Amino acid sequence: MMQFGSIASIFSDPYMTSILLRAVTVGVLVSLCASLLGVTLVLKRYSMIGDGLSHVGFGALAIATALNLGSASMAVSLPIVLIAAFLLMGLTEKRRMAGDAAIAVLSTGAIAIGTLLFRFSKNQYADICNSLFGTASMSTLSGLDLVVTVAVSVLVLGLFVLFYTRIFTVTFDETFAKATGVRVNVYHLLLAGLTAVTVVIGMKMVGAIMVSGLIIFPALSAMRVCKRFSAVVLTSAALSLVCFFAGFFLSLLLDAQPGPAIITVHVLAFLVCWLIGAVRARVRTNRSRRIVVEPPCKFTE
């Protein structure tokens, strides 16, 4: 188990400090992308898409491992997860299959295929837990991972900011959006594509299974304490960053995998936000009960 002295030694070692900064940079960018997209996904009842794509990401990692392309796992995973995202959104939009059924088919199928590929590949002794829950070794985040993550994250954040108004309109009123000429289906595919990219860049750091928690929890927590869309987006991003730093350094302290530690902190944050929301609702209810309605005035002749 890592002690405080061990963490301090990381900062005193230039090599370990560079690895730590690399991991933190990746984690911050992934957390921001996931939290921003998560608000729209949760509001549109698409939150399970992130979970389904994370399972597909595990299958893609298994394919990369079977082909002995572990160093280029992002290059292999990205097109596979993107295709799955567009397929999933297309099946849901055209109602050829119920959304929950399509997600179940993709997620369980990807997990089954991925596990078999791990078992019968040349790298059959690879640690599946690291792929599912995030690697405990920060040194596995290469310079290429950092460059790809930064580039893709800038693209995701830039597109979200650029199309913020359209995304807001499509999220709350698709009928109005269509009436004003917005191609709603295009923005649905854009949302699915950005989610797929975010899942891919977050898999190595947080894990194929845990990355969906980065999408769902910040949005749900922010919605418990905020009502306006812009406030929810900003609060979601802030909570995501705080929970990432707390969970990441907790994983260093406990010498544990970062994925479960980060998501555990997110769960605690959600409980706190839920409690704050419940207290606020109770206070508003009590205030409304205290309002005294004066009887109407009676005029006398």
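Contact means heavy atoms within 4.5 Å. The model is predicted: local features need pLDDT of at least 70, side-chain atom pairs count only at pLDDT 80 or more, and totals for chains, interfaces and linings use all residues. Residues are numbered from 1 along each chain as its sequence is written, and side-chain values use heavy atoms, with hydrogens and water left out.

**Exercise 1. The whole chain**

Task: Describe the chain by its elements, its burial and its contacts.

Solution: 
- Step 1. Helices (H or I, at least four residues) and strands (E, at least two) are DSSP runs, numbered from the N terminus. The chain has 13 helices and zero strands.
- Step 2. Buried means under 20% relative accessible area, exposed over 50%, partly exposed in between (1.4 Å probe, protein chains only). Of the 301 residues in the chain, 44% are buried.
- Step 3. Residues 24 or more positions apart account for 78% of them.

**Exercise 2. Helix α12**

Task: Check the span of helix α12, then look just past its end.

Solution: 
- Step 1. The expected span of a helix is 1.5 Å times one less than its number of residues.
- Step 2. Helix α12 (residues 229-254) has 26 residues, so it should span 38 Å. Its end C-alpha atoms are 37 Å apart, which agrees.
- Step 3. Just after α12, D255 takes a positive phi of about 55 degrees.

**Exercise 3. The nonpolar cores**

Solution: 
- Step 1. A nonpolar core is a set of buried Ala, Val, Leu, Ile, Met, Phe, Trp, Tyr and Cys residues joined through side-chain atoms within 4.5 Å.
- Step 2. The largest such core has 66 residues. Among those with the most contacts inside it are I49, L53, F244 and F248.
- Step 3. Helix α2 (residues 14-43) provides the largest share of this core, 13 residues.
- Step 4. A second, separate core has five residues, including V170, A177, V184 and Y187.

**Exercise 4. The cavity**

Task: Count the cavities of 30 Å³ or more and describe the lining of the largest.

Solution: 
- Step 1. On a 1 Å grid over the protein atoms alone, a cavity is a set of points where a 1.4 Å probe fits but cannot get out; lining residues have an atom within 4 Å of a point. Grid points are joined across faces, edges and corners, and a volume is the space filled by probe spheres set on the points.
- Step 2. The count is one cavity of 30 Å³ or more. The largest cavity has a volume of about 80 Å³.
- Step 3. Its lining includes T40, K44, V170, Y187 and L190.
- Step 4. α8 (164-172) and α10 (184-206) each supply at least two lining residues. α10 gives the most, with five.

Terms used:
1 Å grid on protein atoms, 1.4 Å probe; cavity = no way out; pocket = protein on both sides within 12 Å on 5 of 7 lines; lining within 4 Å.
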